[in-house]
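Visitor: I'd like a walk through this model, please. Could we start with the fold and then zoom in on a few residues?

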Amino acid sequence: MKLFSGKKFEVYLDKFDLPNGKIRETEYIKHRGSAVIIPLIDENTIILEKQFRPIIGKWIYELPAGTMEEGEIPETTAKRELIEETGYEAETLIHLIDFYPSPGVSTELMHLFLAKGLKFVGSKPEEYEVIEIEKKNIDEILNMIKNHEIEDAKTIIGILYYQFMLRNQTP
């Protein structure tokens with residue numbers, strides 16, 4: 001049963017049959033999914049956003065990301081969001097992994113991409129987005145994660161995936 005319908009998601013209350021034979025009634029967010037982008041200036045330099053998030057009432061560091069439009073594929077979302085939020089267009093966009101950021105309450109599936117060959121074309125943020133762009137060295141970003149200066153889950157997942165799976169380095 002749909003409880004709410006918004007621009008980016010819907011809220012439902014449904015009953016689910018569990019593998020143990022029991023039934024669970026729960027509310028959840030039905031989400032179209034989103035794309036997250038690791039914009040590489042070079043192997044050691046990544047573009048991060050410092051974005052004000054009114055829901056939590058503070059600025060946080062994030063990788064660029066955005067919700068997929070109705071019928072949109074993740075690659076299209078990644079290309080659009082990268083330009084809108086950072087002003088950079090990618091020559092190459094590589095799909096890395098998909099993950100559920102909060103499967104206990106949402107169906108959202110995030111698609112992580114690596115963006116290379118960046119060219120500045122000018123940003124086009126939504127009027128409600130308050131974003132500052134910062135270019136940071138990977139070691140600085142890893143220290144920010146270690147020191148709890150980066151609290152955003154998609155950013156932590158993306159940066160650690162890049163560092164440990166693609167660069168194959170340990171701290």
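Visitor: What pattern does the protein follow, read along the sequence?
Guide: This is a predicted model, where local features need pLDDT of at least 70, side-chain atom pairs count only at pLDDT 80 or more, and totals for chains, interfaces and linings use all residues. Residues are numbered from 1 along each chain as its sequence is written, and side-chain values use heavy atoms, with hydrogens and water left out. Helices (H or I, at least four residues) and strands (E, at least two) are DSSP runs, numbered from the N terminus. With three helices and 10 strands in the protein, the pattern reads β-β-β-β-β-β-β-α-β-β-β-α-α.

Visitor: What is the radius of gyration of the protein?
Guide: It's taken over C-alpha atoms, and the globule rule is 2.2 Å times the number of residues to the power 0.38. For 171 residues that rule gives 16 Å, and the protein comes close to it, so it is as compact as a globular protein of that length. The radius of gyration itself is 17 Å.

Visitor: What share of the 171 residues is buried?
Guide: Buried means under 20% relative accessible area, exposed over 50%, and partly exposed in between (1.4 Å probe, protein chains only). By that cut-off, the buried share of the protein is 42%.

Visitor: Is E84 buried or exposed?
Guide: E84 sits in helix α1, which covers residues 74-86. Its relative accessibility is 12%, so E84 counts as buried.

Visitor: Which residues does E84 touch, not counting those up to four places away in sequence?
Guide: Contact here means heavy atoms within 4.5 Å. With sequence neighbours up to four places away set aside, E84 touches S123, K124, P125 and E126.

Visitor: And P54, is that one buried or exposed?
Guide: P54 lies in the loop between β5 (45-53) and β6 (58-62). Its relative accessibility is 63%, so P54 counts as exposed.

Visitor: How far apart in space are P54 and E91?
Guide: In sequence, P54 and E91 are 37 residues apart. From C-alpha to C-alpha, the distance between P54 and E91 is 33 Å.
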